[in-house]
Amino acid sequence: MNELLSATGTTIFTVMSALAVQHGAINLGQGFPDYDGPPDVLKAAADALMDGRNQYPPMTGVPELRQAVAAANKRFYGIEVDPNAEVVVTSGATEAITASLMAVLNPGDEVVLIEPLYDTYVPTVKLLGAIPRIVRLSPPKWELPRAELAAAFGPKTKAILFNTPMNPTGKVFTAAELAFIADLVTRHDCYAICDEVYEHLTYDGWKHIPLMTLPGMRERSLRIGSAGKTFNLTGWKVGYVTCDRALQPNVAKAHQNLTFTTPPNLQRAVAVGLAKDDAYFASLGAELAARRDILAAGLTELGFHVLPAMGSYFVTADIRSIGFTGDDVAFCRTLTEEAKVTAIPVTAFYAGENPPNHYARFAFCKNESVLREALARIGAWM
Ligand code: PMP
Ligand code: GLN
C-alpha cells in the first residue's frame with residue numbers, strides 16, 4: 001500500500017456532502033452551483049454526442065477547444081498563445097495541477113505553496129517525491145507575508161503553486177503581490193503553476209491578473225483554467241493548461257500517463273462556451289456578487305463576522321462572533337446536524353500545524369431562495 005495515500009483522509013468535500021445528504025441539510029459546503037450551465041453550451045455537448053464525437057480525441061485536446069483557449073487568453077489578457085503547441089486540455093483543473101507539477105518536478109525538488117490551499121496540492125507534491133514549503137496567509141486580511149515568502153524560496157525551489165482568485169478566502173492577488181512573486185520566480189529560476197479556476201469570478205471591480213502577463217513570466221508560468229467554474233458545469237471536469245512551447249510537451253506527456261484524453265463532446269461544448277460574448281463573462285461576476293451579498297448580509301445580520309470576498313464562490317465567517325465555543329469542525333458538523341445547513345471548516349485548507357480554527361466557508365453559488373432558506377434555518381437554530 002502507498003503510505004502517503006493511506007495517510008491521506010477522504011476529502012472534506014466528500015465528507016461534508018455525505019453528511020449534508022444524511023441530515024437533509026442545505027449544502028453550502030462543496031462548491032457547486034445549484035443552477036445549470038448555459039443552454040447553448042449544454043446543447044453543443046448534446047449535439048456533439050449525437051454527431052458521433054465519442055471516440056478518443058487528439059491527446060492534447062480537440063482543435064476547436066485548443067483554439068478557443070488560445071483565443072480566450074488573447075481576448076481577456078492579451079496573451080498570444082499557439083493553440084497547437086502551448087495548450088493541453090485536461091480532465092478538470094485537478095488533473096491540470098497534477099500534470100503541471102509532474103511536468104516540472106524531480107524527486108527532492110521544493111515547491112512553494114501558499115496556505116490556505118486546495119486539498120490536492122500537498123498530497124500531489126509529496127506523491128511526486130517533492131517537498132512542499134508552505135507559507136501561511138492569516139485572516140482577516142490574508143495579506144502576503146513577503147519576507148516569509150522570500151525565505152521559502154531557496155536553491156532547491158523548482159516551482160511555486162498558488163491560487164488566485166483564492167479558495168477559500170475570496171482573496172484576489174494584487175498587481176503588487178504578483179510582481180513580488182514574479183521577482184522571486186525569476187531570481188530563483190523556477191516555474192509558477194497558477195491555479196486560476198475562478199478567473200472570471202471577481203466582484204466589486206476587482207480584476208483577475210494572470211501572473212503570466214507580468215514581465216518574464218510568459219515562459220515560466222503554467223496557467224490553469226476550468227470549465228467547471230466558468231460555465232457552472234463542475235461535474236464536466238474539463239480543464240486546460242496554457243504554457244510555453246518548451247513546457248507543453250512535458251505537460252502533454254503527464255496528461256498521456258494520467259488520463260490520456262478528455263471527453264470530446266464536452267470539449268467541443270466548452271469551445272462554444274469560451275467563444276460566448278463579453279456580456280456572458282461580465283454577467284458571471286455580477287450574478288455571483290448579488291448571491292454573495294445576500295449570504296454575507298444575512299450571516300452578518302445573524303451576528304457572524306463575515307470576511308470580505310473579492311472573488312471565488314465562497315465567503316468565510318468567524319464562528320466566535322456568534323458565541324460558538326468549539327472549533328470549526330465541530331461548528332460545521334453541528335450546523336449540519338442541528339440547523340440542517342452545511343459549511344466547510346477552513347482548517348481543511350491548511351496542511352501545517354495550528355491553523356486558525358474559527359472560520360467556516362459558505363458557498364454562495366446557489367439560488368436566492370436556497371440562500372434565504374439556509375439563513376432562515378441558521379437563524380432558527382441560533
Ligand atoms: N482548484 C481550486 C482552487 C478549486 O477550488 C477547484 C475545485 N473546483 C479545483 C482546482 C478543481 O477544479 P476541477 O473541478 O476543474 O478539477
Ligand atoms: N472546489 C470545490 C470546493 O472547494 C469542490 C471540489 C471537490 O469537491 N473536490 O468546494
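How far apart do the C-alpha centres of domain 1 and domain 2 lie? In this predicted model, the distance between the two centres is 25 Å. Domain 1 is made up of two stretches of the chain, 3-30 and 279-381, while domain 2 covers 39-276.

The two domains touch, and their contact draws 31 residues from domain 1 and 30 residues from domain 2. On the domain 1 side, the elements that each supply two or more residues are helix H12 (278-301), strand S10 (314-318) and strand S13 (359-363). Of these, H12 gives the largest share, with seven residues. Sorted by class, the side of domain 1 that touches domain 2 holds 22 nonpolar residues, seven polar residues and two charged residues.

A second contact to follow is the one between two helices, H4 (residues 63-77) and H11 (residues 264-274). Their axes are 8 Å apart and meet at an angle of about 25°. H4 is therefore roughly parallel to H11, since an angle under 35 degrees counts as such. The crossing of H4 past H11 is left-handed.

The residues that bring the pair together can be picked out on each helix. From H4 come Glu64, Leu65, Ala68, Val69 and Ala72. They meet Gln267, Arg268, Val270, Ala271 and Leu274 of H11. Taken by class, the residues in this helix contact comprise seven nonpolar, one polar and two charged.

Notes:
Residues are numbered from 1 along each chain as its sequence is written. Chains are lettered from A and ligands numbered from 1 in the order in which they are written. This is a predicted model: local features need pLDDT of at least 70, side-chain atom pairs count only at pLDDT 80 or more; totals for chains, interfaces and linings use all residues. Axes are lines fitted to C-alpha atoms, for helices over the stretch in contact, and angles run from 0 to 180 degrees between N-to-C directions. Helices (H or I, at least four residues) and strands (E, at least two) are DSSP runs, numbered from the N terminus. Angles under 35 degrees count as roughly parallel, over 145 as roughly antiparallel, 65 to 115 as roughly perpendicular and the rest as oblique. A crossing is left-handed if the near helix is turned anticlockwise from the far one by less than a right angle, and right-handed if clockwise. Two residues are in contact if their C-beta atoms, placed from the backbone, lie within 7 Å. Ala, Val, Leu, Ile, Met, Phe, Trp, Tyr, Cys and Pro count as nonpolar, Asp, Glu, Lys and Arg as charged, and the others, Gly among them, as polar. Domain bounds come from an automatic or database domain assignment.
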